[in-house]
Amino acid sequence: MTDDAPELRASDADRERVAEILRDALAEGRLDMTEFEERLDQTYQARTYGELAPITRDLPGAGVSAPSVSLVKGPEGGPDWPDRVTGAPGSSSWGVAVMAGFQRKGRWTVPKQFNCVAFWGGGEIDLREADFSAPEVVINCVAIMGGVNVIVPPGVEVVVRGIGVMGGFDHREDGVPGDRGAPRVVVTGFAFWGGVQVERKMTRAERQRLKAERREARRELRRGDEGL
């Protein structure tokens with residue numbers, strides 16, 4: 001484990017593993033309902049391994065301070081990644097917004113290099129449901145008095161190499177380890193009085209599924225308490 005490991009960004013899968021440890025602790029009587037709910041809220045709000053670590057440090061076998069929540073991505077990556085890195089040609093290779101906007105979202109195939117220009121306008125490149133032509137794709141952005149928003153799904157590695165002049169590139173997701181088999185997305189280009197934002201989001205369907213699972217888990221725990 002490196003010295004800066006606590007600063008690495010946690011994934012949704014990491015948070016779910018911590019939540020499962022908390023559910024087991026509640027069922028075993030190690031936590032009461034109030035403690036469980038407080039820690040569960042902290043878990044889903046945590047953004048780094050350093051924030052996750054204290055939540056289960058006093059629970060037997062938890063060890064979420066780094067060993068349990070692995071800081072090196074292993075084979076547990078998204079099971080559909082091999083299917084989504086298809087090798088097929090891109091379905092779209094350009095996006096242009098001149099005093100207007102463009103979107104690439106939904107089910108589309110990202111080429112080895114996608115070029116986009118935003119001049120007094122804005123663009124959105126959503127990769128959450130996309131397929132990929134290659135294990136590494138390049139998103140080349142030119143933002144002049146405009147902006148481009150790149151949305152990637154959990155598990156994808158992001159590298160940001162853009163140059164900003166009175167503008168900037170968002171580096172928050174740069175260097176976050178990717179899942180095994182997941183594509184690598186390189187965001188590069190030039191921003192002048194503009195910006196390129198990179199954010200990591202689940203799809204709406206995935207967020208709704210996780211929320212439904214959390215609600216069901218809480219209902220089951222409350223029913224169990226009422227039956228005691």
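Strands, as named here, are DSSP runs of at least two E residues, numbered from the N terminus. With that in hand, a label such as β12 or β13 can be found on the chain: β12 covers residues 184-192 and β13 covers 195-200, and Trp 193 sits in the loop between them. We will come back to that tryptophan. Please keep in mind throughout that this is a predicted model.

Let's begin with the whole protein. Its secondary structure comprises five helices and 13 strands. The protein has 228 residues, and 44% of them count as buried. If you take the contacts with a separation of 6 or more, 66% are between residues 24 or more positions apart.

Now for the aromatic rings. A pair of such rings is described by two things, the distance of the centres and the angle of the planes. Searching the whole structure turns up three aromatic pairs. One of them joins Trp 108 and Phe 114: the ring centres are 5.6 Å apart and the planes stand at 70 degrees, so this pair is edge-to-face, the cut-off being over 60 degrees. Both Trp 108 and Phe 114 are buried. Another pair is made by Phe 119 and Trp 120, with centres 5.7 Å apart and planes at 0 degrees, so these rings are stacked. Phe 119 has 31% relative accessibility and is partly exposed; Trp 120, at 47%, is also partly exposed.

Trp 108 leads us to another residue worth a look, Asp 126. Leaving aside residues up to four places away in sequence, Asp 126 touches Trp 108 along with Arg 104, Lys 105 and Ile 151. You will find Asp 126 in strand β5, which covers residues 122-126. Is Asp 126 buried or exposed? Its relative accessibility is 5%, and because buried means under 20%, Asp 126 counts as buried. The side chain of Asp 126 also makes a polar contact of 2.7 Å with the side chain of Arg 128.

Phe 119 and Trp 120 take us to the surface instead. They belong to a nonpolar patch whose members also include Trp 94, Val 96, Met 145, Ile 163, Met 166, Phe 190 and Trp 193, and the whole patch has about 1,200 Å² of accessible area. Two elements give two or more residues to the patch, namely β1 (94-98) and β10 (163-165). Which element provides the largest share of the nonpolar patch? That is β1, with three residues. Val 96 lies in this strand, and at 49% relative accessibility Val 96 is partly exposed.

Met 166 has a phi near 55 degrees, a positive value in a residue other than glycine. Met 166 lies in the loop between β10 and β11, the latter being residues 168-169. With 57% relative accessibility, Met 166 counts as exposed, because the cut-off for that class is over 50%. This brings us back, as promised, to Trp 193 in the loop between β12 and β13. Phi of Trp 193 is likewise near 55 degrees, and this value too is positive in a residue other than glycine. Trp 193 has a relative accessible area of 49% and is partly exposed.

Terms used
Residues are numbered from 1 along each chain as its sequence is written. This is a predicted model: local features need pLDDT of at least 70, side-chain atom pairs count only at pLDDT 80 or more; totals for chains, interfaces and linings use all residues. Side-chain values use heavy atoms; hydrogens and water are left out. Helices (H or I, at least four residues) and strands (E, at least two) are DSSP runs, numbered from the N terminus. Buried means under 20% relative accessible area, exposed over 50%, partly exposed in between (1.4 Å probe, protein chains only). Contact means heavy atoms within 4.5 Å. Rings of Phe, Tyr and Trp (its six-membered ring) pair if their centres lie within 6.5 Å; planes under 30 degrees apart count as stacked, over 60 as edge-to-face and the rest as tilted. A polar contact is a pair of N or O atoms within 3.5 Å; within protein, one must be able to donate a hydrogen and the other to accept it, and residues adjacent in sequence count only if both atoms are side-chain atoms. Patches are made of residues with over 30% relative accessible area and no salt bridge: like charges are joined within 9 Å, nonpolar side chains (Val, Leu, Ile, Met, Phe, Trp, Tyr) within 5 Å. Accessible areas come from the Shrake-Rupley method with a 1.4 Å probe; for residues, only the protein chains shown count as cover. A salt bridge is a side-chain nitrogen of Lys or Arg within 4 Å of a carboxyl oxygen of Asp or Glu.
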